[in-house]
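Okay, thanks for coming, everyone. Let me put it on the screen.

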Amino acid sequence: MIKYNELKVGDIVMAEYDGVWKEGEVIDLNGDEKQVCVQIEDLQEFWFEPQQLKSILLDEAQLFRLGFQKHVNDDGSVKYMHGAFRVLLPNANNFGIVDIWYREDKRHITHHMTVHEFQNNYLDMTKVHLAKAEA
């Protein structure tokens with residue numbers, strides 16, 4: 001379950017529809033009812049309760065889907081870049097400790113972030129929503 005107050009329009013989440021978990025994008029929020037409208041893979045929109053939603057763990061594949069490019073450093077660390085935004089993994093494939101920065105705003109994250117949490121950090125730092133890259 002994802003807490004309602006953690007979600008923003010544009011966040012990528014998993015939604016349970018007819019007993020099947022499908023990836024989708026939050027397209028609307030109803031604060032009065034605490035419901036979330038998610039557009040699922042086949043472009044249909046449905047309203048969900050927060051308990052019908054779950055997070056997607058951030059990993060390299062998700063960063064690529066969000067339009068990031070990878071650079072392996074000589075010291076074994078890995079940097080992912082999207083414009084001026086940077087993600088640094090001190091240890092390759094360990095998404096449990098991550099540094100993210102945009103210009104002078106730098107954050108040290110010491111837990112495994114989810115995609116929607118990452119998107120919300122990106123939005124907070126850049127003032128621009130981070131969506132899936134065009135295929």
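So, Asp28: across from that residue, in E3, stands Cys37. Keep in mind that we're looking at a predicted model. The two strands there are E2, residues 20–30, and E3, residues 35–40; they run antiparallel, with 6 bridges joining them. Zoom out, and you get an open sheet of 5 strands, ordered E4-E3-E2-E1-E5, with antiparallel pairing. At the edges sit strand E4 (45–48) and strand E5 (53–54), each pairing on one side only.

Now the rings. How many aromatic pairs does a search of the whole structure find? The search comes back with 8. One I'd like to show you is Phe64 with Tyr80: edge-to-face, 6.3 Å centre to centre, 65° between the planes. That pair ties together distant parts of the chain, since Phe64 belongs to helix H1 (residues 60–65) and Tyr80 to strand E7 (residues 78–82), 16 residues apart.

And are those two buried or exposed? Tyr80 counts as buried, because its relative accessibility is 1%. Phe64 is at 38%, so that one counts as partly exposed.

There's also a cluster, held together by ring pairs: Phe68, Phe85, Tyr102, Phe118 and Tyr122.

Lys54 lies over the face of Trp21, 4.5 Å from the ring centre. Then there's Lys106, whose charged end sits over the Trp101 ring at 5.2 Å from its centre.

That's what I had, over to you.

Terms used:
Residues are numbered from 1 along each chain as its sequence is written. This is a predicted model: local features need pLDDT of at least 70, side-chain atom pairs count only at pLDDT 80 or more; totals for chains, interfaces and linings use all residues. Side-chain values use heavy atoms; hydrogens and water are left out. Rings of Phe, Tyr and Trp (its six-membered ring) pair if their centres lie within 6.5 Å; planes under 30 degrees apart count as stacked, over 60 as edge-to-face and the rest as tilted. Helices (H or I, at least four residues) and strands (E, at least two) are DSSP runs, numbered from the N terminus. Buried means under 20% relative accessible area, exposed over 50%, partly exposed in between (1.4 Å probe, protein chains only). A charge sits over a ring if NZ of Lys or CZ of Arg is within 6 Å of the ring centre and within 35 degrees of the ring normal. Two strands pair if DSSP finds at least two bridges between them.
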